[in-house]
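Please keep the sequence and the structure in view while reading.

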Amino acid sequence: MVLGDMGINFSSTPFYYLLTIYYLAAKAKKKSAKGEITLEELLHVNWSLIAPILILQFILTITALISCIKQGDTNGPKWLWILLILFISLFGPILYFVVGRKNN
């Protein structure tokens, strides 16, 4: 999913997961007369399966951001790593921990 002409890819962010859930709920349930999806339809999604994944992804992102900010030197510009961590939510923090940190 690309945001307009900006070329920002949200395919690995929690935003994308929520849009996917929203789409699946709409597909599974019958749409209203106006073609809108109601909040009631979203309540039927099995959040007990999705919530732990979103929470773990959030914790990983926050941990990587804190580590990047506290780290004195990184492999590459620090501002670039912060952008990667934020916009490539699943792979950005993992990539930072594997490649971005300098081991003194």
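The notes below go from the basis of the model to the overall fold, and then to the helix contacts.

This is a predicted model, in which local features need pLDDT of at least 70 and side-chain atom pairs count only at pLDDT 80 or more, while totals for chains, interfaces and linings use all residues. Residues are numbered from 1 along each chain as its sequence is written, and side-chain values use heavy atoms, with hydrogens and water left out.

**Confidence**
- The mean pLDDT (the predictor's confidence in each residue, from 0 to 100) of the protein chain is 76, and 64% of its residues reach 70 or more.
- Confidence is lowest in strand E1 (residues 2-3), at a mean of 44, and highest in H4, at 90.
- Over residues 1-6 the pLDDT is below 50, and this stretch has 11 contacts in the model beyond near neighbours in sequence, a contact being heavy atoms within 4.5 Å.

**Overall fold**
- The protein chain has 5 helices and 2 strands, which follow one another from the N terminus as β-β-α-α-α-α-α; helices (H or I, at least four residues) and strands (E, at least two) are DSSP runs, numbered from the N terminus.
- Of the 104 residues in the protein chain, 25% are buried, where buried means under 20% relative accessible area, exposed over 50% and partly exposed in between (1.4 Å probe, protein chains only).

**H3 against H4**
- The axes of H3 (residues 47-70) and H4 (residues 78-87) come within 10 Å and cross at roughly 175°, which makes H3 roughly antiparallel to H4 (a term for angles over 145 degrees); axes are lines fitted to C-alpha atoms, for helices over the stretch in contact, and angles run from 0 to 180 degrees between N-to-C directions.
- In this contact, Thr61, Ala64, Leu65, Cys68 and Ile69 of H3 meet Lys78, Trp81, Ile82, Ile85 and Leu86 of H4.

**H4 against H5**
- H4 packs with H5 (residues 91-100) at an angle of about 145°, their axes being 7 Å apart.
- The residues in contact are Trp81, Leu84 and Ile85 of H4 with Gly92, Pro93, Leu95, Tyr96, Val99 and Gly100 of H5.

**The two sides of H5**
- Gly92, Pro93, Tyr96 and Gly100 are the buried residues of H5, and they fall within an arc of 100° seen down the axis, so they line one face of the helix; the arc is that of the directions from the helix axis to the C-beta atoms.
- These buried residues of H5 pack against H3 and H4, whereas Phe91 and Val98, on the other side of H5, are exposed.

Definitions and conventions. Parallel < 35°, antiparallel > 145°, perpendicular 65-115°, else oblique.
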